[in-house]
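I opened my notebook to keep a record of a few look-ups in this model. Here is what I went through, entry by entry.

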Amino acid sequence: MTTKKKISRREFFSTGSSVAAAGLLGRAADAGDDTKPTSRVVLIRDAKVLDSDGTPEPEVMHRMLNEGLAALLEEQNPAAAWRRLFSPSDVVGIKSNVWGRLPTPPALEDAMRHELEAVGVSPADIAVDDRNVKTNPVFQRATALINTRPMRTHDWSGLGTCIKNLITFTERYPDYHGDACAPLGSIWLRPEIKGKVRLNVLVMLTPQFHSTGPHSFSHQYVWPYGGLILSVDPVAADATGARIIEAKRKLYFGDDRPISPPPHHIRIAETQYGIGVSDPERIEIIRLGWQEGSLI
């Protein structure tokens, strides 16, 4: 029989990597059991998170973030969950995504900043950035990172994912574009990143499920899904988001239409770089809130 073990903040980071600790947040194997570790993700949705214009409602989104995190870490209240991940002594970079057609919602960034300040992190030790993380003074001395971006199809990597979101920490983006961006997982092993990403939030409010070329966007290919996916494991978060995108494509096109190019960087991030779990059979999904049309 498997059991769930609630771990302290100290134990959570004792591995030296929050990503490596992801398995502790899923179903734990009994002593002597050689079952592969699992990871946990939370999928939380709310039909009221978007207003009539498709703009996120700040209060609803903030509540979703907090409820999702509390469920992810099995805490009774969000404040305790945030304290599990961060302490007043931390310097925190919130790695967002500013792509103009589908950026990380500012309301979500503000909610994260609010909760970090509530933990006791100094406002001077919190920064939100995307393309300038390498020169941002807060990111340069960061002890912890939050990684958040919207899910969308992508002409080079198949999908724009949490894994891919850290490419702005690199010197030359093209170095990671070969073979449908297969090497993206290696970015997570860089010393300025490894062990620092304590939370991944894949934004699924209005994900883009199809595109027709570099940087393409069409309102025809987004829909009001109204969700957030949270995990300490970026691979598990992305693999879960990918399943939703695949299901939406099948529903929309009426047949199996694979994402092109295939987003195999998600699987390779596990098999070659060991930064998380991509196998759906080993991902525990906690579903909260609005269930209609969840596609998974």
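**Ground rules.** I am working with a predicted model, in which local features need pLDDT of at least 70 and side-chain atom pairs count only at pLDDT 80 or more, while totals for chains, interfaces and linings use all residues. Residues are numbered from 1 along each chain as its sequence is written, and side-chain values use heavy atoms, with hydrogens and water left out.

**Overview.** I found eight helices and eight strands in the protein; these are DSSP runs numbered from the N terminus, helices being H or I with at least four residues and strands E with at least two. Of the 296 residues, 58% are buried, where buried means under 20% relative accessible area, exposed over 50% and partly exposed in between, with a 1.4 Å probe and protein chains only. I also looked at contacts, meaning heavy atoms within 4.5 Å. Among those with a separation of 6 or more, 70% join residues 24 or more positions apart.

**α2 against α4.** I compared helix α2 (residues 58-72) with helix α4 (residues 106-119): they pack at about 55 degrees, with axes 9 Å apart. I took axes as lines fitted to C-alpha atoms, for helices over the stretch in contact, with angles from 0 to 180 degrees between N-to-C directions. The pair is therefore oblique; under 35 degrees would count as roughly parallel, over 145 as roughly antiparallel and 65 to 115 as roughly perpendicular, with the rest oblique. On the α2 side I listed Pro-58, Met-61, His-62, Leu-65 and Asn-66, which meet Ala-107, Leu-108, Ala-111, Met-112, His-114 and Glu-115 of α4. The residues of this contact divide into seven nonpolar, three polar and one charged. For that count, Ala, Val, Leu, Ile, Met, Phe, Trp, Tyr, Cys and Pro are nonpolar, Asp, Glu, Lys and Arg are charged, and the others, Gly among them, are polar.

**α2 against α3.** Next I took α2 with helix α3 (residues 78-85), whose axes come within 8 Å and cross at roughly 65 degrees. These two are therefore roughly perpendicular. Leu-65, Asn-66, Leu-69 and Ala-70 of α2 meet Pro-78, Ala-81, Trp-82 and Leu-85 of α3. Here I noted seven nonpolar residues, one polar and no charged.

**α3 itself.** Which residues of α3 are buried? I wrote down Ala-80, Ala-81, Trp-82, Arg-84 and Leu-85. Asn-77 caps the N-terminal end of α3, with a side-chain oxygen 3.2 Å from the backbone nitrogen of Ala-79.

**Phe-86.** I found Phe-86 in the loop between α3 and β2 (92-95). Phe-86 has a relative accessible area of 1%, so I count Phe-86 as buried.

**Ala-269.** Ala-269 is in helix α8 and is buried, with a relative accessible area of 0%. I checked its C-alpha against that of Pro-183, 86 residues apart along the chain: the separation is 7.8 Å.

**Ser-278.** My last stop was Ser-278, in the loop between α8 (265-271) and β8 (283-289). Is Ser-278 buried or exposed? Its relative accessibility is 13%, so Ser-278 counts as buried. Its side chain makes a polar contact with the side chain of Glu-270 at 2.5 Å. A polar contact is a pair of N or O atoms within 3.5 Å; within protein, one must be able to donate a hydrogen and the other to accept it, and residues adjacent in sequence count only if both atoms are side-chain atoms.
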